[in-house]
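I opened this entry to keep track of what I looked up. The notes follow the order in which I checked things.

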Amino acid sequence: MKFIESDVNPKQLSPLNLAFIGDCVYEMLVRETLVTEANRPVNDLHRESVKFVSAKAQTAAYDRIKDCLTEEEEAVYKRGRNAKVGHNPKSASQGEYHIATGVEALFGYLYLTEQTERIKELFKIITD
């Protein structure tokens with residue numbers, strides 16, 4: 001499901017553009033999961049969400065899904081991972097940050113190609 005109808009070809013977008021939208025998609029999945037688990041204070045929700053959306057957490061997420069990725073998904077992930085980000089991460093190693101960028105690029109690509117069921121499958125593997 002996309003909110004805006006557009007003619008953008010995700011294969012022609014830079015990996016950092018894919019990661020930009022993928023960061024939002026991934027965070028939305030995390031937030032929806034947390035909100036549906038329990039009605040709790042927003043500060044608690046934020047504290048819990050950080051456990052999923054940090055570079056360290058996304059590195060662990062990649063370890064859980066890497067063997068399930070198709071060749072195309074792996075190629076998208078690698079494009080994101082290998083992108084030159086232009087700054088140093090604060091709370092993660094350079095390697096973790098690059099892996100997280102790859103995961104975000106993958107989720108952005110899947111979103112823009114309207115592969116909602118695949119997004120759900122991968123996120124379920126991550127969170128189980």
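I wrote down the exposure terms first: buried means under 20% relative accessible area, exposed over 50%, and partly exposed in between (1.4 Å probe, protein chains only). The model is predicted, so I noted that local features need pLDDT of at least 70, side-chain atom pairs count only at pLDDT 80 or more, and totals for chains, interfaces and linings use all residues. Residues are numbered from 1 along each chain as its sequence is written, and side-chain values use heavy atoms, with hydrogens and water left out.

Entry on salt bridges. I took a salt bridge as a side-chain nitrogen of Lys or Arg within 4 Å of a carboxyl oxygen of Asp or Glu. The structure has eleven of them. One joins Lys124 and Asp128, at 2.9 Å from N to O. Lys124 is partly exposed at 49% relative accessibility, and Asp128 is exposed at 53%. I also found a network in which salt bridges with shared partners join Glu73, Arg118 and Glu121.

I then looked up Lys56, which forms a salt bridge with Glu96 (3.4 Å, N to O). This pair links distant parts of the chain, with Lys56 in helix H3 and Glu96 in helix H5, 40 residues apart. Helices here are DSSP runs (H or I, at least four residues), numbered from the N terminus. Lys56 is partly exposed, with 47% relative accessibility.

Entry on helix H4. Which residues of H4 (residues 71–81) are buried? I listed Glu73, Glu74, Val76, Tyr77 and Gly80. Seen down the axis of H4, the buried residues fall within an arc of 160°, so they line one face of the helix. The arc is that of the directions from the helix axis to the C-beta atoms. Their cover includes helices H1 (15–37), H3 (55–65), H5 (94–112) and H6 (116–127), where contact means heavy atoms within 4.5 Å.

Entry on the largest pocket. A pocket is an open set of points on a 1 Å grid over the protein atoms alone, where a 1.4 Å probe fits, with protein on both sides within 12 Å along at least five of seven lines; lining residues have an atom within 4 Å of a point. The largest pocket is lined by 16 residues, and Val25, Met28, Leu29, Glu32 and Ile119 lie nearest its centre. H1 and H6 are the elements that give two or more residues to this lining. The largest share, eight residues, comes from H1.
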